[in-house]
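Have the sequence and the 3D view ready as you read.

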Amino acid sequence: MYQQMIFVNLPVNDLDASKKFYTELGYTLNAQFSDEKAASVVISDTIFAMLLTKPFYATFTDKEIVDATKASQVLLCLSAESREKVDELVEKAVAAGGTANDDVQDQGFMYGRSFNDLDGHGWEVMWMDPAVVQS
């Protein structure tokens, strides 16, 4: 059965620093789709973050590249298997040089936190009680 995939393309200031950041979160790099202009971060079997140097990113768009430390164009959200895994990923992001958003979203059946990567791209991490998802 076909599984749709997503490739999130992110402009980055320092490709090597960004690769180090994402591998410190526990993700791997796919060398087949990485070079001096881009790196493919494997988040899951169907989710990939493509880290692109800003000059390379600019070849894909005529629009201005947003400075993610000053403006937001998109919020990315990843699911986690437990509350503890939410906290673990955010703590890894902070240890790797990212910044945590202080807002914790705890609605009982759903728990989430967020962080910004080295370039200011916002990532949310959330857990939802499987019983609620199935109903």
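## A glycine in a strand

Two residues are in contact here when heavy atoms of theirs lie within 4.5 Å. Keep in mind that this is a predicted model. With that in hand, look for Gly-112, which sits in strand E7. Leaving aside residues up to four places away in sequence, Gly-112 touches Val-86, Asp-103, Val-104, Gln-105, Val-125 and Met-126.

Is Gly-112 buried or exposed? Its relative accessibility is 7%, so Gly-112 counts as buried. Now find Met-126: it is 14 residues from Gly-112 in sequence, yet their C-alpha atoms are 4.0 Å apart in space.

## The two sides of helix H1

Next, turn to helix H1, which covers residues 15–24. Leu-15, Ser-18, Phe-21 and Tyr-22 are buried in this helix. Looking down the axis of H1, you would find its buried residues within an arc of 120°, so they line one face of the helix. The cover over these buried residues includes strands E1 (6–12), E3 (38–42), E4 (47–53), E7 (110–116) and E8 (122–128), along with helix H3 (83–95).

On the face of H1 turned away from the buried side, you will see the exposed residues Asp-16 and Lys-20. The ends of the helix are worth a look too. After H1 comes Gly-26, with a positive phi near 105°.

## Charged partners

Side chains of opposite charge can pair when their charged atoms come close. How many salt bridges does the structure hold? There are 6. One of them joins Asp-16 and Lys-19, whose closest N and O atoms are 3.6 Å apart. These two are 3 residues apart in helix H1, so about one helical turn separates them. Asp-16 is exposed at 54% relative accessibility, while Lys-19 is partly exposed at 24%.

Another salt bridge brings together the side chains of Asp-106 and Arg-83, at 3.0 Å from N to O. Because Asp-106 lies in strand E6 (residues 99–106) and Arg-83 in helix H3, this pair ties together parts that are 23 residues apart in sequence. Helix H3 also holds Lys-85 and Glu-88, 3 residues apart, and they form a salt bridge with their closest N and O atoms 3.7 Å apart. Together with Lys-92, Lys-85 and Glu-88 are linked in a salt-bridge network.

Definitions and conventions. Residues numbered from 1 in each chain as written. Predicted model: local features only at pLDDT ≥ 70, side-chain atom pairs only at ≥ 80, totals over all residues. Heavy atoms only, no water. Buried < 20%, exposed > 50% of the residue type's maximum accessible area, 1.4 Å probe, protein only. Helix = DSSP H or I, 4+ residues; strand = E, 2+ residues; numbered from the N terminus. Arc of directions from axis to C-beta. Salt bridge = Lys/Arg side-chain N within 4 Å of Asp/Glu carboxyl O.
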